[in-house]
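Dear colleague,

Please read them with the model open.

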Amino acid sequence: MPVDTIRWTGKSVRIIDQTLLPNKLVYLDCRDVETLWQAIRELKVRGAPALGIAAAYGVMLAVRRFKGSDSAAFVRYVCDICDYIGRSRPTAVNLFNALNQMRQLALNNIDKPVVILRAVLESEANAIYEEDRAVCRAMGRHGAGLIKNGATVMTVCNAGGLATADYGTALGVMYAAKEAGKKFKVYALETRPLLQGARLTAWELMKNRIDVTLICDNMAATVMRDKGVDIIFTGADRIAANGDAANKIGTYMLAVLAKHHGIPFYVVAPRTTFDLKIATGRDIPIEERAAEEVTHFGLRPTAPKGVKVFNPAFDVTPNKLISGIVTEYGVIGKPFTVNILKNMS
Ligand code: MRU
């Protein structure tokens, strides 16, 4: 069922070029860290857990070209590469958590020969990949019970197999519910401006034979009122210690609408998406992207040349609008500050 979103071949990081979906399923071999960096920037590989994996394997790509046997120089090089990869996209904390893990491991083993350091880092990157596969399944198990037979579900962006090493977070819950024999339907928001909902979620759910209906983002309120949405699941890019959750722009709007319509709103995210150093969502860095993503549809201009544009890629949903957070440890409920800490420590 999962797609092969990202894989380390030993010489390259093989990703699906997600900018070409749904029209073409093309695998891209990133053979150097600069190509991978650019792929991250351009959302060829995307989604918080997949970004963590890409970051870890990006370190492996870079160290392939380190020459020499000076361990201290090698570790300095690893630290520089981690800083470089960290400048690709700022919001998904999975990327920084993976880089910190790689950096710390290199520092802890600075007394080892370069050949050992390389092997240790490679097995850490593989462990990050494997952990993500396992936690997707655990989140699916914990969340599936929230979907009642016959339910109508809503989601935004893509928090599926294309965003992880396995079958996803928010979509993983849906796949697990399907595996448990439930019948339900899904409304997927197209997710302007880059259409991850239309291009990726609709593609993924259709491929997995889940009943999906695509809507424009501005149809969400009408669909909630007129079609009887029972529950909403979204992913997250960074969750603060109090449960405020950053996710794709439009998620906050969805949560406000859910509150108005009395619809439970669940965030689905693994431990690696939590940033316990940040007390509230106010401190989450929000990526702003190029104006052309808003002023153009593909290459076609759809706005007057020179118009001012605001294009934040993410927004923060305040914890009070979130019913629960589905993690690999179970569903975390309120009060989030207490319960997140309890589950994560
Ligand atoms: O800009 P993107 O496509 O990387 O944004 C992705 C999202 O917002 C996802 O919902 C989030 O990363 C969770 S993926 C399991």
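A pocket here is an open set of grid points with protein on both sides within 12 Å along at least five of seven lines, and its volume is the space filled by probe spheres set on those points. Please keep in mind that this is a predicted model.

By that definition the largest pocket has a volume of about 520 Å³, and of the 18 residues that line it, Thr19, Pro193, Leu194, Glu293 and Gly298 are the closest to its centre. Two elements, α10 (292-295) and β12 (296-297), each give two or more residues to this lining, which by class holds seven nonpolar, three polar and eight charged residues. Because both domain 1 (6-137) and domain 2 (143-344) give residues to the lining, the largest pocket lies between them.

The second largest pocket has about 170 Å³ of space, and its lining, which includes Asn97, Gln101, Arg271, Phe274 and Met344, divides into three nonpolar, three polar and three charged residues. Here the elements that give two or more residues are α4 (93-108) and β11 (274-275).

Met344 also belongs to helix α11 (residues 336-344), where Phe336, Asn339, Ile340 and Met344 are buried. These four cover an arc of only 120° around the axis, and therefore lie on the same side of α11, whereas Leu341 and Lys342, on the other side, are exposed. The buried residues of α11 pack against β8 (238-240), β11, β15 (324-327) and β16 (330-332).

With best regards

Key
Residues numbered from 1 in each chain as written. Predicted model: local features only at pLDDT ≥ 70, side-chain atom pairs only at ≥ 80, totals over all residues. Heavy atoms only, no water. 1 Å grid on protein atoms, 1.4 Å probe; cavity = no way out; pocket = protein on both sides within 12 Å on 5 of 7 lines; lining within 4 Å. Nonpolar A, V, L, I, M, F, W, Y, C, P; charged D, E, K, R; others polar. Domains from an automatic or database assignment. Buried < 20%, exposed > 50% of the residue type's maximum accessible area, 1.4 Å probe, protein only. Arc of directions from axis to C-beta. Contact = heavy atoms within 4.5 Å.
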